[in-house]
Every structure is written in structure tokens, then in C-alpha cells.
Amino acid sequence: YFAWQVPFAAGRAAGLALRQTLRPEDVLVASSEFVAPSLAVYVPGRTFIFPSTHRSGTFIIWRGSGAWEESSVGAAERIVLEKRRPVVWVTREPLVRLPRNAVEIGVFDSGGDTLGTAKAIVEMERYAIYRFNPPQASPQ
């Protein structure tokens, strides 16, 4: 009965939003390896850059990888300058203050800490997705 009344997880909603808003020129960056696998299935053929472990992929390497290490929003800002392309940043915690070049795509939270208060079957799952745009070229 519970499964019919409550969504399974916030990852599905976040993945669908990512699929709908991701553009071919966007660079996909995850704050940690932990946030990527649930969303990667919704954007086949795309890989995430993991600044905290200096690699890219769609899955977690558990053994000694630092999969739980979180990169700061500064990593997204650095990558947008390096690549000179928009960066879609996926993280577990919503930004308190949005940088000027960032736009919120959405915050997806299953909420709850006990079965009785859950908004989803998979509890305490949260994704925040942002697009960081490269600075505009100054007119000559």
C-alpha cells in the first residue's frame, strides 16, 4: 500500500529534470561520486566530472576513491571558466547563496527521517541542480 501512495525516490524527479534541461554543450559536474549514479541513467551517453576525485564517469569507485568527498561550488565556477561552456552542477545540498552566473534548475528532496514522515520510499535523498553560465565576452 505504501509504495502506491509515495514516490520511490527523489532521484527519479531529479533525473527527469536533468534530462529535460541538459543541453549538448553543457558540461555535467557532480559534487561527489555519490550523487551521480542515480541520475546517470536518465542522461545516457553523458558522463559526470568529479572534481573531488579528479576523474569522470557515471559510477562510484568505492575502494579508496573518496567517493563521499564533496567538492565546493568553486569547482563548478572553475570548470565553467576553463571549459568556456555552461556547467550543470549536481550536488546534495542546496546553495545558500546563488552565484550571479548560476540558475537553479531544481531541488529534489525525498525528506523525512522515519517511515511515517517520508515523502518517498528512499528517505533522506536530496539533489540540487544548477546551471553555471560562462561569463559573457566583453565587447571589443
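Residues 24 or more positions apart account for 59% of the contacts in the chain that have a separation of 6 or more, a contact being a case of heavy atoms within 4.5 Å. The structure is a predicted model, in which local features need a pLDDT of at least 70 and side-chain atom pairs count only at pLDDT 80 or more, while totals for chains, interfaces and linings use all residues. Residues are numbered from 1 along each chain as its sequence is written, and side-chain values use heavy atoms, with hydrogens and water left out.

The pLDDT, which is the predictor's confidence in each residue on a scale from 0 to 100, averages 80 over the chain, and 74% of the residues score at least 70. Over residues 112–117 the pLDDT is below 50, and this stretch has nine contacts in the model beyond near neighbours in sequence.

The chain has four helices and six strands. These elements are DSSP runs numbered from the N terminus, with helices (H or I) of at least four residues and strands (E) of at least two. From the N terminus on, their order is α-α-β-α-β-β-α-β-β-β. Of the 140 residues of the chain, 42% count as buried. Here buried stands for a relative accessible area under 20%, exposed for one over 50%, and partly exposed for values in between, with a 1.4 Å probe and protein chains only. The chain exposes about 8300 Å², of which carbon and sulfur atoms supply 56%; accessible areas come from the Shrake-Rupley method with a 1.4 Å probe, and for residues only the protein chains shown count as cover.

Helix α2 covers residues 10–21, which makes 12 residues. From its first C-alpha to its last, α2 reaches 17 Å, close to the 16 Å expected at 1.5 Å a residue; the expected span is 1.5 Å times one less than the number of residues. The buried residues of α2 are A10, G11, A14, G15, A17 and L18. Seen down the axis of α2, these buried residues fall within an arc of 165 degrees, so they line one face of the helix. The arc is that of the directions from the helix axis to the C-beta atoms. The exposed residues R12 and Q20 are carried by the face of α2 turned away from its buried side. Cover for the buried residues of α2 includes the helix α3 (37–40) and the strands β1 (27–30), β2 (48–50), β4 (87–91), β5 (102–109) and β6 (126–132).

A similar description can be given for helix α4. In α4 (residues 73–83), the buried residues are A75, A76, I79 and V80. They cover an arc of only 135 degrees around the axis, which puts them on the same side of α4. The buried residues of α4 pack against β1, β2, β4 and β6. On the face turned away from the buried side of α4 are the exposed residues L81 and E82.

Just after α4, in the loop between α4 and β4, R84 takes a positive phi of about 55 degrees. Most residues other than glycine have a negative phi. R84 is exposed, with a relative accessible area of 70%. H54, found in the loop between β2 and β3, also has a positive phi, near 55 degrees. H54 is exposed, with a relative accessible area of 72%.

R55 lies in strand β3 (residues 55–57). R55 is buried, with a relative accessible area of 18%. Not counting residues up to four places away in sequence, R55 touches E33, F48, I49, F50, I60 and I61.

The structure holds one aromatic pair. The rings of F48 and F50 have their centres 6.4 Å apart and their planes at 5 degrees, so the pair is stacked. Rings of Phe, Tyr and Trp (its six-membered ring) pair if their centres lie within 6.5 Å; planes under 30 degrees apart count as stacked, over 60 as edge-to-face and the rest as tilted. Both F48 and F50 are buried.

E25 lies in the loop between α2 and β1. E25 is partly exposed, with a relative accessible area of 37%. Leaving aside neighbours within four places in sequence, E25 is in contact with R85 and P86. E25 and V87 are 62 residues apart in sequence, and their C-alpha atoms are 8.7 Å apart in space.
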